[in-house]
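Dear colleague,

I am passing the structure below to you for your records. Please read the notes that come after it alongside the coordinates.

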Amino acid sequence: MTAPSSADPPWIEIQATVTSCRFQFARMNTFALGFQTGEKFRIAFDYYAHGRLYSDEFQSAVAIAQNERIPTSYNPLHPEQNSRTSGPNAAPTRSPLIAIGIVGSIVLSLVWLAMMRGCS
């Protein structure tokens, strides 16, 4: 994503159309640890910018019906960037628990290797 500068034009406000809304179950894996975040729904949406159709998705705490219109805006210099997923107020699509799981896995692996080396 490009960093905004004072010379960048303002983002253009539009209405996007919800194409699907899926409930996300808590995943039982090493990284998510089976915890459900507050954002339980995966919302896919389409919008037109400069005569071209763009699609994206984001996570939401509430369900949004298919074909419902939702306000969003896009970067006129990079129309694939929208306020729902890559704007300054966009929420992250990945849970911080994934990062914690990865770091924890690495630390545990290093501890295990240190213990095994001490046994010989």
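The following paragraphs set out what was found in the structure.

This is a predicted model, in which local features need pLDDT of at least 70 and side-chain atom pairs count only at pLDDT 80 or more, while totals for chains, interfaces and linings use all residues. Residues are numbered from 1 along each chain as its sequence is written, and side-chain values use heavy atoms, with hydrogens and water left out.

Strands (E, at least two residues) and helices (H or I, at least four) are DSSP runs numbered from the N terminus. With neighbours within four places in sequence left aside, Ile70 is in contact (heavy atoms within 4.5 Å) with Ile14, Gln15, Ala16, Val18, Phe45, Phe58, Ile64 and Arg84.

Strand pairing. Two strands are taken to pair if DSSP finds at least two bridges between them. E1 pairs with E4 in the antiparallel sense over six bridges, and Thr72 in E4 is the bridge partner of Ile14. E1 also pairs with E2 in the antiparallel sense, over six bridges; Ala44 in E2 stands opposite Ser20. Ile12, a residue of strand E1, is partly exposed at 33% relative accessibility. The C-alpha atoms of Ile12 and Ser73 are separated by 5.1 Å, although the two residues are 61 residues apart along the chain. Beyond the neighbours within four places in sequence, Ile12 is in contact with Thr72, Ser73, Tyr74 and Pro76.

Salt bridge. The structure holds one salt bridge, defined as a side-chain nitrogen of Lys or Arg within 4 Å of a carboxyl oxygen of Asp or Glu. It joins the side chains of Glu57 and Arg42, at 2.9 Å from N to O. Glu57 lies in strand E3 and Arg42 in strand E2, so the pair ties together parts that are 15 residues apart in sequence. Arg42 is buried, with a relative accessible area of 16%, whereas Glu57 is partly exposed at 26%.

Surface patch. Ile102, Val103, Ile106, Val107, Leu110, Val111, Trp112, Leu113, Met115 and Met116 make a nonpolar surface patch of about 970 Å². Such a patch consists of residues with over 30% relative accessible area and no salt bridge, its nonpolar side chains (Val, Leu, Ile, Met, Phe, Trp, Tyr) being joined within 5 Å. Accessible areas come from the Shrake-Rupley method with a 1.4 Å probe, and for residues only the protein chains shown count as cover. Met115 is found in helix H1 (residues 96-119) and is partly exposed, with a relative accessible area of 48%.

Positive phi values. His50, in the loop between E2 and E3, has a phi near 55°, a positive value in a residue other than glycine. His50 is exposed at 54% relative accessibility. Asn67, in the loop between E3 and E4, likewise has a positive phi, near 70°, and is exposed, with a relative accessible area of 57%.

With kind regards

Conventions: Patches are made of residues with over 30% relative accessible area and no salt bridge: like charges are joined within 9 Å, nonpolar side chains (Val, Leu, Ile, Met, Phe, Trp, Tyr) within 5 Å. Buried means under 20% relative accessible area, exposed over 50%, partly exposed in between (1.4 Å probe, protein chains only).
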